[in-house]
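Hello,

Here is the structure I promised to pass on. Have a look, and my notes follow below.

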Amino acid sequence: MKTAQLESPTRTRKCLTEEQIENYNRDGFFFPHRVISESEAAEYRKKLENYEAAHQPIMKTAVRNKPHLVFTWINELIRDSRILDAVEDVLGPNILAWGTNFFIKEPHDDAFISWHQDSTYWGLSHPDVVTAWIALSHVTPDNGAMRMLPGSHLLDQLPHVDTFAEHNLLTRGQEVQVDIDESKTVDVSLEPGEMSLHHVRIIHGSNPNPTDTRRIGLAIRYVPTYVSQISGARDYATLVRGEDTHHNFQLEPAPKVDFGPDEMALHARIAEESFQILYRGTGREYPR
Ligand code: NI
């Protein structure tokens, strides 16, 4: 499918330079881009870790996915103009946040991510999907930074095999069926408060974290409003900028309070419907 709607050369840029956009178009990713200060990142990290201290590690909970439906501060973050200005330069002015996911690797954690293209099971109509990956800790090759294969977003959708491997953080442990020349991959190192942007077709993965410190990232999946869900299921998104004249997604309300009963009920319903999309064809049932 063509991505011709992606950008008009006459459009005024919000914050990225022509060179940065050329890099994104050529490589399929762009980093580092500072979006919040180190101290803001530390405050956000504290809010997350306060929650975890009172409950359990977020990676063990259902709110690891779509946390913007239950944490007011994450809902504010997905609307932050410092992120959206860069995203608008890639996707245009009418933007939905389709998903959010924490990707945390604990110290001495076996968790890894196999080489994959994000587009494989998402069921979205166009490859015009950008992930803003926000670092809330130092992210280095040593602690399991993402690794990207430059230019691989220009390949079509490639076949994947589901491994359901135990320590794989992906839904199905899906793995792209091509040989990766690891000498050509790029490590996405980030400081707290910096982000990377990556294309939904880029081949990427990451290694475990054998260090003594946590590696914390929040991935926000942005789509232009003309994108739709084509799996046949109903799907949900949050309008974060511009207007939605397409009505392809049920629009999500922002949480009024953290973990209120209405917020939790909505999250549970949407999480179950999203599960049906992401695991379609596997025979797996939603865990209760
Ligand atoms: Ni991915």
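Tyr-44, Tyr-51, Phe-71, Trp-73 and Phe-259 come together as one aromatic cluster. Please keep in mind that this is a predicted model: local features need pLDDT of at least 70, side-chain atom pairs count only at pLDDT 80 or more, and totals for chains, interfaces and linings use all residues. Residues are numbered from 1 along each chain as its sequence is written, and side-chain values use heavy atoms, with hydrogens and water left out.

Rings of Phe, Tyr and Trp (its six-membered ring) pair if their centres lie within 6.5 Å; planes under 30 degrees apart count as stacked, over 60 as edge-to-face and the rest as tilted. By this rule there are 8 aromatic pairs. Trp-98 and Trp-122 make a tilted pair, because their ring centres are 5.0 Å apart and their planes stand at 50°. Trp-98 belongs to strand E2 (residues 95-105) and Trp-122 to the loop between strand E3 (113-116) and E4, so the pair ties together parts 24 residues apart in sequence. Strands (E, at least two) and helices (H or I, at least four residues) are DSSP runs, numbered from the N terminus.

Arg-172 places its charged end over the ring of Tyr-121, 3.6 Å from the centre; the criterion is NZ of Lys or CZ of Arg within 6 Å of the ring centre and within 35 degrees of the ring normal. The charged end of Arg-64 likewise sits over Phe-103, at 5.0 Å from the ring centre.

Finally, just after H1, Gly-28 adopts a positive phi of about 90°.

Best wishes
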